[in-house]
Each structure stands twice: as C-alpha cells, then as structure tokens.
Amino acid sequence: MTKAGHPHFSDPCHGFLPGGQFVVQPTGTGTLDGLRFAVKDLINIAGYRTGGGNPDWLAASRPAERHAIIVSQLLNAGGQLIGKTVTDELAFSLEGVNAHYGTPVNPRNSAWLPGGSSSGSAVVTAAGLVDFAVGTDTGGSVRVPAAFCGIFGFRPSHGALRMQGVLPFAPGYDTPGWFSRDAQTLRAVGHALFPAGKVRPITRIRLVEDGLDHVALDVARDIRHGAAAITTHAPVRLFENMSLDLFQQVYAVVQGFEIGQALGERIATIRPKFDASIEQRFAGALTLREDDYRAACETRRTIAAHIAALCPPDTALILPVVSQRHLNTNADPDLIAAFYAKTLGLTAVAGHAGAPQVQMGLPANVQRVGLSLLGARNADLPLLDLAVRLSMQAGGFDGC
C-alpha cells in the first residue's frame, strides 16, 4: 500500500469520516484510470480500522491487515482511493442519520436526509468529491440514497462479488454496491469487477404496475412519466398473489436472524453505545428464532421463483425503491415508520431474488425520483449496459 499523507480537501457535505481522508494509489491500470473513489466504513482498508459508523466498534477494532477484495480490484483497475465515508451504524438504517459523526448533507437539498446506510458514499459522489464511491446494500442501502441524492446507484446480483473484508450484516442479502454521477462510470466500475464474457442484451422493459400502488402519488407520477418513454412491453403485476407486506415481513425475519448470527456475539462483547433507534432495531433482531427463520427462508425461495418468472434474462422491470421522494431532516417518527413499511417491501424484491438493480440518476434541476430497473439474477453487465443506453437515449429522456 502506498499512502500520500492525509490530505484535508474540502468536504462541505460531511460525507467523509472525521480523519477519514487519505490516499491509496492505484496498483495497476485499466478501466478506472484517473478516477477517484471512496469506500463506506464497513469496508477494510489495509492499515486502517473499520468502525462501522460507531466509535465503540472502531475502538475495539484492529487495523486491517489487507484491503477488502473489492478495494484491491478497484485499485488494480486504476482507481485512486481517497478515503472512508460515514455510514449509519452497522448499516442498520435507510435514513442516513449518524448520531456520532453527524448526518451527511444531501447536496441535492440540505433540508432532505441523504438516505442510508451508505449515506457518506452517496453524498461525496453527488457533491463531486469523487468519481464513484463504494457502499453496501442489504435492504436498499445503495439504492435508497442514490434515489434521494439523484445519482446513479447499483446493487449487483447477490454473490456476484466477493465480500471478504466487508463487515457482514445479513449475509443472505449483503452485497457491495456503488454510486456515480453518470451511467458510463457506473458501467466502468462493473467492468473492473465482473469477469468479461458474452453479454445477452436486455431487450424488454416492463413496468411493475402494482408497485405504484405502494408509493406516494408524486412518486407514482414520477415513475409513470419516466416509464412512458422507455417501456417496450405490457406492464406486469408482481404483488397480486404475494403482497408487499409479505415481501417485507419475510425480509425482516431473514435479515434479523442473520444479523444475530453475524453480529450478535460481537455486539455482546463490545457493548457499543448505539443511537436509541438503532439500539431498538438490534434488540428486536436478536430475539428472532431459528424456526421462524427457516420458515421465512422457504417463503423467500417461493418469492424468488415468482420474481424470476416475471423477469427473465432479456427483461428489466421498472420498480421504485423509495415510497417517498425524500424525507426531511426533521421528519417525524410516524412518517419515517410509514416510509420503512413500504420501502423495505419494495427494496426486498431484489434482495429476495438475489437480482441486480440500478437506480438511475437525474439532472440536478429535476426534482422527480429517478427510475429503478431490476434485472434477472446475474444479468449485471446487461443491466449496466441498459443504463448507459437509456442515459444516452435520443430525444432527451430525463427520467434517468
């Protein structure tokens, strides 16, 4: 590892961790030559401690002996790492709030929360401090902040990228993900990470029509507006025989039990001081029983088969990942609870299917929610190619 000191460049949106600005030079050349990136504080960097967004967790951690595999791949492809970013505590939030390090400021509108848990990575990308940034996505932690900050975000197929060196949360759903301000950079990162191979293009785009029944009216209008310009085939209905509530409930049980398995022992040892809302979530997760988990896993397999039948490899489904255009920084608990109840069901679609999903960015002056497109499992590069095609589409398509 080569360090170039600890620079102190401007960070007006407070996306970087305090003291988290440093430089690791590229180790090779490739598709990311000349691009700068940052990583979420769940991802190991050799010589630095991974704190998971919590000071007590940080204090109990040792400096990493080596980079996370995904970081090594990005450095080898020519990327330059310039620091670590703020995360919601141990990734257990979609809001973007961190009571210890401060809430990163959404560059799109300072009165809005940035979304989480990869809040800092989204913010430093949206603010132009990096060309791309890496986060993690279990239940929407890349896709939600991408939507709130108006940038591109990508959750790859589960298992497509190696998680060594990334702090686990719920391993059955966990995956790295990344942000950029343009689709070309989003795809370039994918080419640095995925093995080259023959790519079957996506030729059909369909709207998940009943997904719009579970979002605010303005979000439904946003999605219909963008979808009208790009859909190629008739809409589908995903939630008729399996409700959104079922998607959310199964996700909550599987995630919660796996959190206990992955983090419970270490939480009991470190006894970190969490923000009250985070502490309550962990307390609930750590009570889940194995028999409930096994039953939920069985239902998850049925859900995954249902999704796969509607989304074969040549198809992308338009499906929102947020139920609200934004959450204000002073949003009351009831509104936040309502946001979670709907949003976690929507984001769980990709999670249950292990499928990739791309959140499309928007021009800075557009206040709508950008489209999200779900692909078939392992159709990652075709979905990234589709994102580039749509962003360059003639006729001024601004739904991306």
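A salt bridge is taken here as a side-chain nitrogen of Lys or Arg within 4 Å of a carboxyl oxygen of Asp or Glu. The legends below describe a predicted model, in which local features need pLDDT of at least 70 and side-chain atom pairs count only at pLDDT 80 or more, while totals for chains, interfaces and linings use all residues. Residues are numbered from 1 along each chain as its sequence is written, and side-chain values use heavy atoms, with hydrogens and water left out.

**View 1. The salt bridge between Arg-289 and Asp-292.** The side chains of Arg-289 and Asp-292 meet with an N to O distance of 3.2 Å, and the structure as a whole holds 16 salt bridges. Asp-292 is partly exposed because its relative accessibility is 32%, where buried means under 20% relative accessible area, exposed over 50% and partly exposed in between (1.4 Å probe, protein chains only).

**View 2. The salt bridge between Asp-41 and Lys-84.** The closest N and O atoms of Asp-41 and Lys-84 are 3.5 Å apart. This pair links distant parts of the chain, 43 residues apart, with Asp-41 in the loop between β2 (36–40) and α1 (55–60) and Lys-84 in strand β3 (residues 80–85); helices (H or I, at least four residues) and strands (E, at least two) are DSSP runs, numbered from the N terminus. Asp-41 has a relative accessible area of 1% and is therefore buried, and Lys-84, at 2% relative accessibility, also counts as buried.

**View 3. The salt bridge between Asp-213 and Arg-237, and its network.** In this pair the closest N and O atoms lie 3.9 Å apart. Asp-213 is in the loop between β7 (204–207) and α6 (217–228) and Arg-237 in the loop between α6 and α7 (244–270), so the pair ties together parts that are 24 residues apart in sequence. Asp-213 counts as exposed at 55% relative accessibility, whereas Arg-237 counts as partly exposed at 36%. Through salt bridges that share partners, Glu-209, Asp-213, Arg-237 and Glu-240 are joined into one network.

**View 4. The packing of α7 against helix α10 (residues 333–353).** The two helices, α7 and α10, pack at an angle of about 75°, with their axes 8 Å apart; axes are lines fitted to C-alpha atoms, for helices over the stretch in contact, and angles run from 0 to 180 degrees between N-to-C directions. Helix α7 is therefore roughly perpendicular to α10, a term that covers angles of 65 to 115 degrees. Contact, meaning heavy atoms within 4.5 Å, is made by α7 residues including Leu-244, Phe-247 and Tyr-251, which meet α10 residues, among them Leu-344, Leu-346 and His-352.

View 5. Leaving aside neighbours within four places in sequence, Thr-125 is in contact with Val-130, Asp-131, Phe-132, Ala-133, Ile-151, Phe-179, Ser-180 and Arg-181.

**View 6. Cys-149, a cysteine in no disulfide.** A search of the whole structure finds 0 disulfides, a disulfide being a pair of cysteine sulfur atoms within 2.5 Å. For Cys-149, the nearest cysteine sulfur is that of Cys-13, 8.7 Å away. Cys-149 counts as buried at 5% relative accessibility, and Cys-311 is buried with a relative accessible area of 4%.

Definitions and conventions:
Parallel < 35°, antiparallel > 145°, perpendicular 65-115°, else oblique.
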